[in-house]
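Please look over the sequence and the structure below before reading on. The report is meant for a reader who has not seen this protein before.

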Amino acid sequence: MLNKDKSVRLTHFIVRACYILLAATAIAIPVILHNGFYEFDILGEISSYVLGPFYAVVPAGYVALICLDKLLINVRKEIVFDEKNVKLLRIISWACIYAGCVGMLSFVIILAMKFMFETLMILSIGELFMGLVVRVVKNVFEAAIKIKDENDLTI
C-alpha cells in the first residue's frame, strides 16, 4: 500500500517521465502523421493543421511540468501552504488555459476548413477545465495561507 511519501515519489517520477514523453512526442509526431502510421485517412489530411497547435502548446506543457516538479519538491519538503505554491498553481492554471485556447482556436479553424475533428475540441475543453480546477485549488491555497498567517499572529 502506498503511504504519503511513496505516493509523492511516484507522482514525482511520473512527472519527470512526462518530460521525456513530451519530448519524444514532439520528435515523433511529424513522422507518425506524415509517414502513414495512422489508421484513418483524415489524419493525413489534417496533420498539417494539427502540428502547428501541438508545437504551440509544447512550451506550455513544459512550463506546467516544471511547476508540477517544483510543487512536488515543496510537498516533499513539507512546504505546503506557501505563497510559492500558489504562484506555481497560478502558472499551471494559465498554461492549461493557454493550451485550451490554442486547441479551441485550432478546432474553429479546422471546422471552418470543413474538417471534422471533434477530438481536438474535446481535448481543448478538457484543458480549459483542468485550468479551471487548478485555479480553484490555487484560490483555496491562497485562502488557507491567509488563515494560517492570521493564526500564526494570534497568541
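## Model and confidence

This is a predicted model. The protein has an average pLDDT of 82, and 85% of the residues score at least 70. Among its elements, H3 has the highest mean pLDDT, 88, while H4 has the lowest, 81.

## The largest pocket

The volume of the largest pocket is about 880 Å³. Its lining is made of 34 residues, and those closest to the centre are Val57, Gly61, Ala99, Leu123 and Glu127. H2 provides the largest share, with 13 residues.

What classes of residue make up the lining of the largest pocket? There are 29 nonpolar residues, four polar ones and one charged one.

## The nonpolar cores

In soluble globular proteins, nonpolar side chains tend to be buried together. The largest nonpolar core here has 12 residues. They are Val8, Val15, Tyr19, Leu22, Ala26, Ile29, Leu33, Leu51, Phe54, Val58, Leu65 and Leu72. Both H1 and H2 supply at least two residues of this core, and the largest share, seven residues, comes from H1.

Note on methods:
Residues are numbered from 1 along each chain as its sequence is written. This is a predicted model: local features need pLDDT of at least 70, side-chain atom pairs count only at pLDDT 80 or more; totals for chains, interfaces and linings use all residues. Side-chain values use heavy atoms; hydrogens and water are left out. On a 1 Å grid over the protein atoms alone, a cavity is a set of points where a 1.4 Å probe fits but cannot get out, and a pocket is an open set with protein on both sides within 12 Å along at least five of seven lines; lining residues have an atom within 4 Å of a point. Grid points are joined across faces, edges and corners, and a volume is the space filled by probe spheres set on the points. Helices (H or I, at least four residues) and strands (E, at least two) are DSSP runs, numbered from the N terminus. Ala, Val, Leu, Ile, Met, Phe, Trp, Tyr, Cys and Pro count as nonpolar, Asp, Glu, Lys and Arg as charged, and the others, Gly among them, as polar. A nonpolar core is a set of buried Ala, Val, Leu, Ile, Met, Phe, Trp, Tyr and Cys residues joined through side-chain atoms within 4.5 Å. Buried means under 20% relative accessible area, exposed over 50%, partly exposed in between (1.4 Å probe, protein chains only). pLDDT is the predictor's confidence in each residue, from 0 to 100.
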